[in-house]
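Please open the model in your viewer and keep the selection tool at hand. The stops below say what to select next and what is there.

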Amino acid sequence: MPKQIILPAGTPPPLAPYVPATKADNIVYVSGILAFDENNNVLHVGDAAAQTRHVLETIKGILANAGGSLQDVTFNHIFLRDWADYAAMNQVYAEYFPDERPARYCIQVGLVKPDALVEIASVAHV
């Protein structure tokens with residue numbers, strides 16, 4: 001089955017050769033999402049909770065554009081710049097995934113922009 005590019009209106013241009021998401025066989029693969037504005041500037045500098053909320057709202061919008069929702073997410077890949085932000089990220093994350101939570105992993109990494117604290121990539125079955 002051919003893949004479908006998911007490119008919601010208002011999506012900022014990617015920083016590299018990728019798209020926000022692709023859909024194939026009713027599976028949506030969401031690229032790593034950061035808290036960026038329309039010009040790829042980092043939003044909510046220094047606030048991991050606000051960045052997590054922005055990231056999850058962006059993923060929610062991408063999935064809606066693909067015909068799905070956060071309830072369809074089966075796996076999340078979570079990247080934190082600093083383990084000190086783990087609790088703040090988890091608090092917001094639990095609001096978005098209150099029941100039947102997806103599988104996930106969380107690792108500490110260097111992110112593409114120094115002010116970015118949280119990045120999440122998702123897989124959803126819609």
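Begin by selecting D85, which, leaving aside its neighbours within four places in sequence, is in contact with A48, L80 and L117, contact being taken as heavy atoms within 4.5 Å. This is a predicted model, in which local features need pLDDT of at least 70 and side-chain atom pairs count only at pLDDT 80 or more, while totals for chains, interfaces and linings use all residues. Residues are numbered from 1 along each chain as its sequence is written, and side-chain values use heavy atoms, with hydrogens and water left out.

D85 lies in the loop between β4 (73-80) and α2 (86-96), where helices (H or I, at least four residues) and strands (E, at least two) are DSSP runs numbered from the N terminus. With a relative accessible area of 16%, D85 is buried; the word buried stands for under 20% relative accessible area, exposed for over 50%, and partly exposed for what lies in between (1.4 Å probe, protein chains only).

Next, select W83 and Y86, which form an edge-to-face aromatic pair with 5.7 Å centre to centre and 70° between the planes. Rings of Phe, Tyr and Trp (its six-membered ring) pair if their centres lie within 6.5 Å, and planes under 30 degrees apart count as stacked, over 60 as edge-to-face and the rest as tilted. W83 is partly exposed, with a relative accessible area of 42%, and Y86 is also partly exposed, at 33%. By this rule the count comes to 4 aromatic pairs, and ring pairs link F75, F79 and Y105 into a cluster.

Which rings have a charged end sitting over them? Select R104, whose charged end sits over the ring of Y93, 4.7 Å from its centre, and then K113, whose charged end sits over the ring of F36 at 5.3 Å from its centre. The criterion is that NZ of Lys or CZ of Arg is within 6 Å of the ring centre and within 35 degrees of the ring normal.

Move on to the backbone at N26 and N40. Most residues other than glycine have a negative phi. N26, however, has a positive phi of about 65° although it is not a glycine, and N40 likewise has a positive phi of about 65° without being a glycine.

The last stop is in the strands. Select T22 in strand β2, which counts as buried at 18% relative accessibility and which, not counting residues up to four places away in sequence, touches K3, Q4, I5, I6, I27, V28 and Y29. Y29 is found in strand β3 and is partly exposed, with a relative accessible area of 41%. Not counting residues up to four places away in sequence, Y29 touches several residues, among them P20, A21, S122 and V123. The C-alpha atoms of Y29 and I6, which are 23 residues apart along the chain, are separated by 9.3 Å.
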